[in-house]
Amino acid sequence: MEGLTDILKTITTEMQKSLSPRTAVGDPITIEGKTIVPLMSVGMGFGAGSGTGKETDPAGGAGGGGLGMKPIAVVIIDQHGVRIERMKESRDTLVDHLAEAIPRFVENISHKKESRVEIEGAGEA
């Protein structure tokens with residue numbers, strides 16, 4: 001169990017190095033008198049496991065983690081004031097495409113099961 005604790009400490013320590021206020025709020029960009037500040041959605045996950053084998057096998061363990069970010073909005077500061085503009089939702093991920101396509105696929109299959117083609121003269125012979 002000691003090995004698992006070390007694995008988890010290492011993963012969380014490394015992931016914490018990646019997190020800061022700058023992760024969620026990007027560096028301001030000034031263009032044509034407007035200052036734009038990107039706002040990000042940040043997600044993270046990790047897992048770890050350890051175990052022992054038979055008496056002759058040594059203990060082992062492993063772990064891993066991931067950090068993902070995507071832009072969700074921008075703060076725009078100009079001579080008219082400050083406003084927040086949300087980013088349009090993107091459906092470019094594989095999961096989104098599959099989630100969109102599977103219901104259509106199932107619907108097409110169910111329509112094919114319901115339809116029947118009869119050929120004239122097929123019953124005669």
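Visitor: Which strand holds Met-69?

Guide: Met-69 lies in strand E3. This is a predicted model: local features need pLDDT of at least 70, side-chain atom pairs count only at pLDDT 80 or more, and totals for chains, interfaces and linings use all residues. Numbering starts from 1 along each chain as its sequence is written, and side-chain values use heavy atoms, without hydrogens and water.

Visitor: What makes E3 a strand?

Guide: A strand is a DSSP run of E with at least two residues, numbered from the N terminus. E3 covers residues 60–78, so the run qualifies.

Visitor: How do you know that E3 and E4 pair?

Guide: Two strands pair if DSSP finds at least two bridges between them. E3 and E4 have six bridges, so they pair, in the antiparallel sense. One example is Val-75, whose bridge partner in E4 is Ile-84.

Visitor: How many bridges join E2 and E3?

Guide: There are 17, again antiparallel. Thr-35 stands opposite Ile-77 in E3. Thr-35 in E2 also faces Thr-30.

Visitor: What do E1 and E2 form, and how many residues are between them?

Guide: They form a hairpin with two residues between them. In the turn, Glu-32 has a positive phi of about 45°. E1 and E2 (residues 34–51) pair over three bridges, antiparallel.

Visitor: In what order do the four strands stand?

Guide: The order is E1-E2-E3-E4, in an open, antiparallel sheet. E1 (29–31) and E4 (81–86) are the edge strands, since each pairs on one side only. Neighbouring strands are turned by 30° against each other on average, direction ignored.

Visitor: Why is Val-37 called buried?

Guide: Buried means under 20% relative accessible area (exposed is over 50%, partly exposed in between; 1.4 Å probe, protein chains only). Val-37 has 12% relative accessibility, so Val-37 counts as buried. Its place is in strand E2.

Visitor: Which residues does Val-37 touch?

Guide: Contact means heavy atoms within 4.5 Å. Leaving out residues up to four places away in sequence, Val-37 touches Val-25, Gly-26, Pro-28, Ala-73, Val-74 and Val-75. Val-25 is twelve residues from Val-37 along the chain, and their C-alpha atoms are separated by 7.0 Å.

Visitor: What makes the nonpolar surface patch?

Guide: Leu-19, Val-42, Met-44, Leu-67 and Met-69 make it, with about 400 Å². E2 and E3 are the elements that give two or more residues to it. Patch residues have over 30% relative accessible area and no salt bridge, and nonpolar side chains are joined within 5 Å. A salt bridge is a side-chain nitrogen of Lys or Arg within 4 Å of a carboxyl oxygen of Asp or Glu.

Technical notes. Axes are lines fitted to C-alpha atoms, for helices over the stretch in contact, and angles run from 0 to 180 degrees between N-to-C directions. Patches are made of residues with over 30% relative accessible area and no salt bridge: like charges are joined within 9 Å, nonpolar side chains (Val, Leu, Ile, Met, Phe, Trp, Tyr) within 5 Å. Accessible areas come from the Shrake-Rupley method with a 1.4 Å probe; for residues, only the protein chains shown count as cover.
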